[in-house]
Amino acid sequence: MSLAIDIRRLRFRYGGGPWVLDIPELTLERGERAFLFGPSGSGKTTLLGVLAGVLEANEGEVTVLGEDLASLSSAQRDAFRAQHIGYVFQMFNLIPYLSVLDNIALPARMDPARRARLDGAGVKETAALLADHLQIGDLLKKPVTELSVGQQQRVAACRALIGAPELIVADEPTSSLDFDRREAFLELLFQECERAGATLVFVSHDRTLEGMFSRRISLPDVNKAVL
Amino acid sequence: MLVFDLALKSLRNRAFSTSLTVGSIALSVALLIGVENVRVGMRESFSNTISQTDLIVGAKGGTIQLLLYSVFGMGSPTNNLTWDTYREWAEHPAVEWTIPYGLGDSHRGFRVIGTNEDFYRHYRYRGGQAIALAEGRPGSGVFDVTLGADVASELGYGLGDEVAVTHGIGEVGFLNHDQMPFTVVGILDKTFTPVDRAVYVTLEGIEAIHFGWEDGAPPMPGEEQTREAVLAMGEIEITQVTSFFVGATNRRDVLRLQREVNDYEGEPMMAVIPGLALNEMWQGIGYAETGLRVVTIFVVLVGLLGMLVSLYTSLNERRREMAILRAVGAGPNRIVSLLVLESVCLAAAGAIGGLALVYVLLSAGQPIVEAQVGLFIPIRPPGSIELLFLGAVVTAGFLMGFVPALKAYRTALHDGLAVRV
């Protein structure tokens with residue numbers, strides 16, 4: 001039960017296309033900060049989709065936080081994702097018609113279990129606290145369209161972190177930031193993951209950041225589907 | 001609740017296209033309900049115009065025509081009946097009462113009706129209401145005139161004013177009986193029927209203004225009669241009536257009486273039962289009404305299709321949004337319900353807006369329609385027909401919402417968390 005991610009003989013392809021993922025084994029301890037890297041097309045985003053339960057493995061076992069995803073229905077996987085996983089995209093993370101606060105609060109409103117983990121504090125208060133931690137506390141009332149890219153990514157991080165999910169998945173969240181901001185963003189993200197005791201899977205093709213992580217995984221090395 | 005909140009905020013975010021869509025649905029719904037309202041109102045207005053009259057008798061011709069010119073002040077009478085014939089029928093044992101009408105003249109676009117005290121005594125409208133006077137008295141002298149409520153208010157006439165009658169029926173007559181002005185002695189209460197838009201004189205008055213017109217043309221210059229001369233003549237002999245209303249002593253005799261009138265050999269004449277003639281008229285109009293209704297239903301469908309197009313085309317730029325919703329744990333069914341809900345909201349807003357628009361238009365248009373056409377379209381709270389229409393529009397919006405929703409569903413499944421092109 002100490003494994004956050006346990007992948008065995010995973011194979012995945014889109015429809016009847018070529019295999020995109022063929023991973024004999026990949027495990028990640030709870031609380032680890034993993035840096036998953038590989039060139040474009042090496043299946044990074046697809047792997048994250050499988051881990052998040054949005055994509056269903058064709059073969060093999062994918063156990064996330066002790067839950068065998070193949071044994072769940074797609075609705076159960078949606079609920080599982082809502083409850084246990086925080087997700088940060090590369091860019092365009094925010095729903096344009098919601099305020100910063102509403103964007104952050106979204107997972108907590110989507111899922112009762114996630115709401116229950118707010119430790120008795122209200123959704124708004126928790127969102128405001130997280131925003132303070134990530135130094136965007138003064139932006140809560142702003143429309144998201146007025147934020148800079150860096151601010152947007154922090155809002156996305158807050159949303160991923162609210163309700164303390166056990167697994168944070170970040171898909172190149174820093175690639176649209178300049179170098180100094182990348183480090184600052186990562187520092188904040190680490191800090192919050194630590195506070196929540198969350199496992200972090202961080203995907204990037206840019207290896208300049210890998211020194212900051214406790215674990216480095218080269219996807220081309222583990223994914224046999226990449227030639 | 002979350003999905004509802006998202007749907008509303010998303011629609012508000014696209015305020016311009018949302019308001020265009022809602023506006024076009026509202027217009028089409030207003031057309032649908034408006035047409036229905038006018039149709040029902042028109043029928044009601046027509047059938048409320050006359051009540052308790054068993055037969056309308058006039059010269060042979062079209063039954064609907066007789067009904068239109070006698071009761072509704074529309075179209076022109078063809079021939080008259082002689083006074084003697086009228087009297088013969090008025091004294092028929094099966095006839096309880098009659099109201100004679102002499103038609104064919106007008107005053108500034110309002111029909112002039114020559115009648116007698118029987119009109120005030122026996123005429124009934126809307127469930128048996130009798131004619132009442134707002135002021136003055138019923139006209140009884142040769143040059144007395146009683147005005148319908150609208151005539152008095154629109155022309156600004158009061159008791160004692162003088163009124164000239166125009167030969168023929170039309171807004172602007174060029175043959176005026178202006179040698180013999182009438183004096184207003186009474187103004188009728190408003191009835192919301194064509195009675196309000198008529199000018200009532202005596203049958204003697206009609207005879208008097210036509211002295212010298214026996215051949216249908218105005219008298220030669222110098223031969224015109226004057227009011228004083230007519231008054232000096234004493235008793236005026238009534239020679240003809242255009243039509244008359246009949247109340248039967250016993251309702252069971254009506255059909256027999258009608259047949260007797262139709263078979264009368266003295267002169268060509270006919271009797272119609274108002275309700276039946278009205279039904280005949282509705283049947284004739286029914287095809288046009290059905291056609292109109294089909295057209296308005298299609299207009300509503302076009303409005304809803306506009307909504308469909310607008311939602312569908314917005315989907316591509318919303319793929320990111322769907323991927324984000326998926327990432328925070330929204331299942332594909334939530335994506336579907338979001339889009340269906342947006343569609344329902346648009347349709348419902350359009351339907352309610354359309355209903356409101358109908359009431360705005362009705363209250364603004366009611367006096368205009370009454371003045372122009374003489375129809376009083378009542379304003380009522382929405383009835384079962386309106387609710388049925390609104391329900392149908394919202395249901396159609398709900399069903400149509402599945403088209404973009406299923407497209408979004410497939411895209412969401414296909415995209416997963418990344419937007420694939």
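The predictor's confidence in each residue is expressed as pLDDT, on a scale from 0 to 100. The model described here is predicted, and local features are therefore reported only where pLDDT is at least 70 and side-chain atom pairs only at pLDDT 80 or more, whereas totals for chains, interfaces and linings use all residues. Residues are numbered from 1 along each chain as its sequence is written, while chains are lettered from A and ligands numbered from 1 in the order in which they are written.

Chain A has an average pLDDT of 83, with 98% of its residues scoring at least 70. Helices (DSSP runs of H or I, at least four residues) and strands (runs of E, at least two) are numbered from the N terminus. Within chain A, confidence is highest in strand β3 (residues 33-37), at 89, and lowest in helix α4 (residues 112-116), where the mean is 78.

An open sheet of 5 strands in chain A has the order β6-β7-β8-β3-β9, with parallel pairing, two strands being counted as paired if DSSP finds at least two bridges between them. The edges of this sheet are formed by β6 (85-88) and β9 (215-218) of chain A, each of which pairs on one side only. Neighbouring strands are turned against each other by 15° on average, direction ignored; axes are lines fitted to C-alpha atoms, for helices over the stretch in contact, and angles run from 0 to 180 degrees between N-to-C directions. Strand β7 (residues 167-171) of chain A runs parallel to strand β8 (residues 199-204) of chain A and is joined to it by 5 bridges, with A:Val169 having A:Val201 in β8(A) as its bridge partner. Helix α1(A) lies across β3, β7 and β8 of chain A, at about 155° to β7(A).

Contacts between the chains, defined by C-beta atoms that are placed from the backbone and lie within 7 Å, involve 25 residues of chain A and 17 residues of chain B. On the side of chain A that touches chain B, two or more residues each come from α1 (44-51), α2 (74-84) and α3 (100-110) of chain A, and α2(A) gives the most, with 6 residues.

Chain B contains 13 helices and 14 strands. Its C-alpha atoms fill a box of roughly 105 × 45 × 35 Å, taken along the principal axes. Of the 421 residues of chain B, 42% are buried, a residue being buried if 20 or more other C-beta atoms lie within 10 Å of its own, exposed if 12 or fewer, and partly exposed in between, with C-beta atoms placed from the backbone.

Strand β11 (residues 198-202) of chain B is largely enclosed by the rest of the structure, because 5 of its 5 residues are buried. Both of its faces are covered, with B:Ala198, B:Tyr200 and B:Thr202 buried on one side and B:Val199 and B:Val201 buried on the other. Strand β4 (residues 110-115) of chain B pairs with β11(B) in the parallel sense over 5 bridges, and B:Ile113 stands opposite B:Tyr200. Strand β8 (residues 144-147) of chain B runs antiparallel to β11(B), to which 3 bridges join it, and here B:Thr146 stands opposite B:Tyr200.

In helix α13 (residues 384-415) of chain B is found B:Leu413, which counts as partly exposed because it has 14 C-beta neighbours inside 10 Å. B:Leu413 and B:Met322 are 91 residues apart in sequence, and their C-alpha atoms are 9.9 Å apart in space.

How values were computed
Two residues are in contact if their C-beta atoms, placed from the backbone, lie within 7 Å.
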